[in-house]
Amino acid sequence: MVTKSLHFLWIMLAVAAAACSHSADKSETSAAPASEVLIQVGDSALTRADVLAKIPGGISAVDSARLFDAIVEEWLERNMLVAVAEQNLPDLDRIDRLVEQYRRQLLTEEYRRLMVAEHSDKASQQALRGEYEAHPERYILNQPVIKGIYVKMSSTAPQLGEVREWVAKGTPEAIDELESYGLRGAMEYDFFGDQWVAWEEIAKRIPHRFTAPVTPATQSGGNFETEVGGITYLLHVTEATDSGERMPFEFAAPRIEQALMEQQREDYDRRLMRSVYKKEVEAHRVKPGTYIPLRYRDIK
(Lines give C-alpha, C1' and ligand atoms only; values in the text may rest on other atoms or scores of the structure.)
Protein backbone atom coordinates (compact mmCIF):
# COMPACT_ATOMS: atom_id res chain seq x y z
CA MET A 1 0.00 0.00 0.00
CA VAL A 2 2.86 2.35 0.90
CA THR A 3 4.69 1.48 -2.32
CA LYS A 4 1.65 2.29 -4.44
CA SER A 5 1.16 5.58 -2.63
CA LEU A 6 4.79 6.57 -3.17
CA HIS A 7 4.56 5.57 -6.82
CA PHE A 8 1.45 7.73 -7.25
CA LEU A 9 3.19 10.62 -5.49
CA TRP A 10 6.15 10.48 -7.85
CA ILE A 11 3.83 10.42 -10.86
CA MET A 12 2.00 13.47 -9.58
CA LEU A 13 5.26 15.28 -8.87
CA ALA A 14 6.46 14.47 -12.37
CA VAL A 15 3.25 15.84 -13.83
CA ALA A 16 3.53 18.98 -11.75
CA ALA A 17 7.18 19.43 -12.70
CA ALA A 18 6.24 18.99 -16.32
CA ALA A 19 3.58 21.64 -15.86
CA CYS A 20 6.24 24.07 -14.66
CA SER A 21 8.34 23.17 -17.70
CA HIS A 22 5.25 23.60 -19.86
CA SER A 23 4.89 27.18 -18.69
CA ALA A 24 8.60 27.84 -19.11
CA ASP A 25 8.55 26.49 -22.67
CA LYS A 26 5.78 28.92 -23.49
CA SER A 27 7.61 31.97 -22.20
CA GLU A 28 10.97 31.02 -23.70
CA THR A 29 9.80 30.19 -27.22
CA SER A 30 6.86 32.51 -27.76
CA ALA A 31 9.04 34.95 -29.73
CA ALA A 32 10.81 32.30 -31.83
CA PRO A 33 10.52 32.60 -35.62
CA ALA A 34 8.01 30.20 -37.16
CA SER A 35 10.76 28.60 -39.24
CA GLU A 36 12.55 27.59 -36.04
CA VAL A 37 9.54 25.95 -34.37
CA LEU A 38 9.66 22.17 -34.66
CA ILE A 39 6.40 21.35 -32.92
CA GLN A 40 3.81 23.09 -30.79
CA VAL A 41 1.43 21.92 -28.06
CA GLY A 42 -1.08 24.54 -27.07
CA ASP A 43 0.86 27.74 -26.45
CA SER A 44 4.16 25.93 -25.91
CA ALA A 45 6.65 25.48 -28.73
CA LEU A 46 9.88 23.55 -29.15
CA THR A 47 12.53 25.12 -31.35
CA ARG A 48 15.42 23.62 -33.24
CA ALA A 49 17.82 25.56 -31.01
CA ASP A 50 16.23 24.03 -27.90
CA VAL A 51 16.95 20.54 -29.19
CA LEU A 52 20.43 21.19 -30.58
CA ALA A 53 21.51 22.66 -27.24
CA LYS A 54 20.91 19.25 -25.65
CA ILE A 55 22.93 17.23 -28.18
CA PRO A 56 26.60 16.78 -27.19
CA GLY A 57 29.34 17.28 -29.73
CA GLY A 58 31.53 14.52 -31.08
CA ILE A 59 28.81 11.92 -31.73
CA SER A 60 28.08 10.35 -35.10
CA ALA A 61 25.45 11.68 -37.49
CA VAL A 62 23.31 8.58 -36.91
CA ASP A 63 23.46 8.93 -33.11
CA SER A 64 22.82 12.65 -33.38
CA ALA A 65 19.70 12.05 -35.47
CA ARG A 66 18.41 9.42 -33.02
CA LEU A 67 19.01 11.71 -30.05
CA PHE A 68 17.33 14.62 -31.86
CA ASP A 69 14.23 12.51 -32.43
CA ALA A 70 14.24 11.22 -28.83
CA ILE A 71 14.40 14.75 -27.42
CA VAL A 72 11.50 15.92 -29.58
CA GLU A 73 9.48 12.80 -28.68
CA GLU A 74 10.06 13.28 -24.93
CA TRP A 75 9.06 16.98 -25.13
CA LEU A 76 5.93 16.20 -27.14
CA GLU A 77 4.74 13.42 -24.85
CA ARG A 78 5.48 15.40 -21.70
CA ASN A 79 3.57 18.45 -22.88
CA MET A 80 0.65 16.41 -24.18
CA LEU A 81 0.44 14.61 -20.85
CA VAL A 82 0.40 17.91 -18.95
CA ALA A 83 -2.41 19.20 -21.11
CA VAL A 84 -4.46 16.02 -20.64
CA ALA A 85 -3.71 15.87 -16.91
CA GLU A 86 -4.76 19.47 -16.35
CA GLN A 87 -8.12 18.70 -17.96
CA ASN A 88 -8.79 15.32 -16.34
CA LEU A 89 -7.23 15.13 -12.89
CA PRO A 90 -9.96 15.85 -10.34
CA ASP A 91 -7.83 17.39 -7.59
CA LEU A 92 -5.11 19.70 -8.92
CA ASP A 93 -5.05 21.59 -5.63
CA ARG A 94 -3.94 18.42 -3.88
CA ILE A 95 -1.11 17.96 -6.39
CA ASP A 96 -0.04 21.57 -5.85
CA ARG A 97 0.09 20.88 -2.11
CA LEU A 98 2.17 17.72 -2.66
CA VAL A 99 4.59 19.62 -4.87
CA GLU A 100 4.91 22.38 -2.28
CA GLN A 101 5.54 19.82 0.46
CA TYR A 102 8.20 18.15 -1.65
CA ARG A 103 9.79 21.54 -2.42
CA ARG A 104 9.91 22.44 1.27
CA GLN A 105 11.48 19.07 2.07
CA LEU A 106 14.17 19.58 -0.57
CA LEU A 107 14.88 23.10 0.69
CA THR A 108 15.32 22.03 4.31
CA GLU A 109 17.38 18.96 3.50
CA GLU A 110 19.68 20.89 1.17
CA TYR A 111 20.15 23.69 3.71
CA ARG A 112 21.01 21.25 6.48
CA ARG A 113 23.39 19.35 4.20
CA LEU A 114 25.14 22.58 3.16
CA MET A 115 25.49 23.86 6.71
CA VAL A 116 26.81 20.56 8.01
CA ALA A 117 29.31 20.30 5.13
CA GLU A 118 30.61 23.81 5.80
CA HIS A 119 31.12 23.13 9.50
CA SER A 120 32.53 19.61 9.39
CA ASP A 121 36.29 19.20 9.72
CA LYS A 122 38.32 16.17 8.81
CA ALA A 123 39.29 14.21 11.89
CA SER A 124 42.96 14.53 12.86
CA GLN A 125 45.29 11.54 13.15
CA GLN A 126 45.42 12.25 16.87
CA ALA A 127 41.61 11.99 17.12
CA LEU A 128 41.60 8.77 15.10
CA ARG A 129 44.33 7.25 17.24
CA GLY A 130 42.57 8.35 20.41
CA GLU A 131 39.33 6.63 19.41
CA TYR A 132 41.26 3.52 18.34
CA GLU A 133 43.03 3.25 21.70
CA ALA A 134 39.96 4.16 23.77
CA HIS A 135 37.64 1.54 22.24
CA PRO A 136 39.66 -1.47 21.06
CA GLU A 137 36.58 -3.71 21.28
CA ARG A 138 34.96 -1.80 18.42
CA TYR A 139 37.70 -2.67 15.95
CA ILE A 140 37.89 -6.45 15.76
CA LEU A 141 38.43 -8.22 12.44
CA ASN A 142 35.75 -10.57 11.12
CA GLN A 143 38.16 -11.87 8.46
CA PRO A 144 41.92 -11.83 7.93
CA VAL A 145 43.63 -8.80 6.43
CA ILE A 146 46.92 -9.05 4.57
CA LYS A 147 49.69 -7.11 2.88
CA GLY A 148 51.53 -8.58 -0.06
CA ILE A 149 51.93 -9.18 -3.79
CA TYR A 150 49.60 -10.81 -6.29
CA VAL A 151 50.44 -11.80 -9.87
CA LYS A 152 48.41 -13.56 -12.54
CA MET A 153 50.16 -14.61 -15.74
CA SER A 154 50.29 -17.25 -18.44
CA SER A 155 51.87 -20.51 -17.37
CA THR A 156 53.91 -20.47 -20.59
CA ALA A 157 55.38 -17.00 -19.99
CA PRO A 158 59.19 -17.34 -20.42
CA GLN A 159 59.93 -15.26 -17.31
CA LEU A 160 57.52 -17.18 -15.02
CA GLY A 161 60.36 -18.87 -13.13
CA GLU A 162 62.00 -15.57 -12.29
CA VAL A 163 58.67 -14.00 -11.41
CA ARG A 164 57.92 -16.87 -9.05
CA GLU A 165 61.24 -16.30 -7.26
CA TRP A 166 60.81 -12.53 -7.02
CA VAL A 167 57.26 -12.83 -5.69
CA ALA A 168 58.29 -15.46 -3.13
CA LYS A 169 61.10 -13.27 -1.79
CA GLY A 170 58.95 -10.16 -1.54
CA THR A 171 61.94 -7.95 -0.67
CA PRO A 172 62.18 -4.37 -1.99
CA GLU A 173 64.98 -5.50 -4.30
CA ALA A 174 62.86 -8.38 -5.61
CA ILE A 175 59.92 -6.05 -6.19
CA ASP A 176 62.16 -3.72 -8.20
CA GLU A 177 63.29 -6.66 -10.35
CA LEU A 178 59.71 -7.86 -10.75
CA GLU A 179 58.37 -4.48 -11.82
CA SER A 180 61.34 -3.74 -14.09
CA TYR A 181 61.67 -7.04 -15.91
CA GLY A 182 59.04 -9.57 -14.90
CA LEU A 183 55.63 -8.10 -15.71
CA ARG A 184 55.68 -7.88 -19.50
CA GLY A 185 53.53 -11.00 -19.75
CA ALA A 186 51.47 -10.46 -16.62
CA MET A 187 47.67 -10.38 -16.89
CA GLU A 188 47.24 -8.89 -13.41
CA TYR A 189 49.65 -7.42 -10.90
CA ASP A 190 48.87 -5.91 -7.55
CA PHE A 191 51.41 -4.75 -5.01
CA PHE A 192 49.70 -3.99 -1.70
CA GLY A 193 52.65 -4.33 0.59
CA ASP A 194 52.05 -0.84 1.95
CA GLN A 195 48.36 -1.19 2.79
CA TRP A 196 46.08 -3.71 4.49
CA VAL A 197 43.57 -5.46 2.25
CA ALA A 198 40.70 -7.72 3.30
CA TRP A 199 41.60 -11.33 2.54
CA GLU A 200 38.39 -11.95 0.59
CA GLU A 201 39.30 -9.18 -1.86
CA ILE A 202 42.37 -11.16 -2.89
CA ALA A 203 40.90 -14.65 -2.49
CA LYS A 204 38.06 -13.95 -4.93
CA ARG A 205 40.61 -13.24 -7.68
CA ILE A 206 42.16 -16.70 -7.34
CA PRO A 207 40.21 -19.73 -8.68
CA HIS A 208 40.93 -21.91 -5.67
CA ARG A 209 38.70 -23.16 -2.88
CA PHE A 210 40.28 -21.98 0.35
CA THR A 211 38.73 -24.31 2.90
CA ALA A 212 40.02 -22.65 6.06
CA PRO A 213 40.09 -19.00 7.11
CA VAL A 214 43.77 -19.35 8.06
CA THR A 215 46.01 -20.88 5.39
CA PRO A 216 49.68 -20.47 4.44
CA ALA A 217 48.41 -17.75 2.12
CA THR A 218 47.07 -15.68 5.02
CA GLN A 219 50.12 -15.95 7.24
CA SER A 220 53.05 -13.55 7.26
CA GLY A 221 55.75 -14.74 4.89
CA GLY A 222 53.38 -17.23 3.27
CA ASN A 223 53.37 -18.09 -0.42
CA PHE A 224 50.58 -19.57 -2.49
CA GLU A 225 50.55 -20.76 -6.10
CA THR A 226 47.96 -22.49 -8.24
CA GLU A 227 47.49 -23.15 -11.96
CA VAL A 228 44.08 -23.27 -13.64
CA GLY A 229 43.46 -23.42 -17.40
CA GLY A 230 47.01 -22.49 -18.34
CA ILE A 231 47.05 -19.50 -15.99
CA THR A 232 49.32 -19.31 -12.95
CA TYR A 233 48.31 -17.35 -9.85
CA LEU A 234 51.00 -16.25 -7.40
CA LEU A 235 50.52 -14.69 -3.98
CA HIS A 236 53.07 -13.65 -1.39
CA VAL A 237 51.92 -12.34 2.00
CA THR A 238 54.31 -9.97 3.76
CA GLU A 239 52.07 -9.36 6.80
CA ALA A 240 48.81 -10.82 8.05
CA THR A 241 46.38 -10.27 10.90
CA ASP A 242 43.82 -12.97 11.56
CA SER A 243 40.07 -12.66 12.09
CA GLY A 244 39.13 -12.14 15.73
CA GLU A 245 42.19 -10.00 16.31
CA ARG A 246 42.29 -6.24 16.64
CA MET A 247 42.32 -4.38 13.33
CA PRO A 248 45.64 -2.78 12.41
CA PHE A 249 45.28 0.96 12.96
CA GLU A 250 45.81 1.75 9.26
CA PHE A 251 42.94 -0.59 8.34
CA ALA A 252 40.66 0.76 11.05
CA ALA A 253 41.43 4.46 10.44
CA PRO A 254 39.01 5.01 7.50
CA ARG A 255 36.20 3.37 9.47
CA ILE A 256 36.98 5.46 12.55
CA GLU A 257 37.10 8.63 10.47
CA GLN A 258 33.72 7.88 8.90
CA ALA A 259 32.18 7.25 12.32
CA LEU A 260 33.67 10.41 13.82
CA MET A 261 32.55 12.49 10.84
CA GLU A 262 29.03 11.12 11.13
CA GLN A 263 28.96 11.94 14.83
CA GLN A 264 30.28 15.41 14.08
CA ARG A 265 27.55 15.95 11.48
CA GLU A 266 24.87 14.81 13.93
CA ASP A 267 26.22 17.08 16.67
CA TYR A 268 26.36 20.10 14.39
CA ASP A 269 22.89 19.44 12.99
CA ARG A 270 21.54 19.30 16.53
CA ARG A 271 23.21 22.62 17.42
CA LEU A 272 22.01 24.18 14.18
CA MET A 273 18.39 23.26 14.78
CA ARG A 274 18.51 24.47 18.39
CA SER A 275 19.95 27.77 17.19
CA VAL A 276 17.27 28.13 14.52
CA TYR A 277 14.55 27.29 17.03
CA LYS A 278 15.78 29.94 19.48
CA LYS A 279 15.92 32.65 16.81
CA GLU A 280 12.48 31.76 15.48
CA VAL A 281 10.97 31.88 18.98
CA GLU A 282 12.61 35.25 19.64
CA ALA A 283 11.21 36.54 16.34
CA HIS A 284 7.76 35.20 17.33
CA ARG A 285 7.56 33.05 14.21
CA VAL A 286 7.52 29.95 16.41
CA LYS A 287 5.15 30.02 19.36
CA PRO A 288 5.57 27.10 21.81
CA GLY A 289 2.23 25.56 22.74
CA THR A 290 1.24 22.67 24.96
CA TYR A 291 4.00 20.36 23.71
CA ILE A 292 7.66 21.02 22.93
CA PRO A 293 9.98 18.26 21.61
CA LEU A 294 12.54 17.08 24.17
CA ARG A 295 15.44 18.55 22.21
CA TYR A 296 14.13 22.08 22.62
CA ARG A 297 12.60 22.08 26.11
CA ASP A 298 15.60 23.63 27.89
CA ILE A 299 15.92 26.54 25.46
CA LYS A 300 14.84 29.84 26.95
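1. Start with helices H6 (residues 160-169) and H7 (residues 172-182): their axes come within 8 Å and cross at roughly 150°. Since over 145 degrees counts as roughly antiparallel, H6 is roughly antiparallel to H7. Axes here are lines fitted to C-alpha atoms over the stretch in contact, with angles from 0 to 180 degrees between N-to-C directions. Helices are DSSP runs (H or I) of at least four residues, and strands (E) of at least two.

2. A word on the source: this is a predicted model, where local features need pLDDT of at least 70, side-chain atom pairs count only at pLDDT 80 or more, and totals for chains, interfaces and linings use all residues. Residues are numbered from 1 along each chain as its sequence is written, and side-chain values use heavy atoms, leaving out hydrogens and water.

3. Now the rings: the structure holds five aromatic pairs (ring centres within 6.5 Å; planes under 30 degrees apart are stacked, over 60 edge-to-face, the rest tilted). Tyr 132 and Phe 249 pair edge-to-face, at 5.2 Å centre to centre and 70° between the planes. Tyr 132 sits in helix H5 (residues 125-134) and Phe 249 in helix H9, so this pair ties together parts 117 residues apart in sequence. Both Tyr 132 and Phe 249 are buried (under 20% relative accessible area; exposed is over 50%, partly exposed in between, with a 1.4 Å probe and protein chains only). Ring pairs also link Tyr 132, Tyr 139 and Phe 249 into a cluster.

4. One backbone spot to look at is His 284, with phi near 65°, a positive value in a non-glycine residue. His 284 is in the segment after helix H9 (249-282) and is exposed, at 60% relative accessible area.

How values were computed: Parallel < 35°, antiparallel > 145°, perpendicular 65-115°, else oblique. Phe/Tyr/Trp six-rings, centres within 6.5 Å; stacked < 30°, edge-to-face > 60°.
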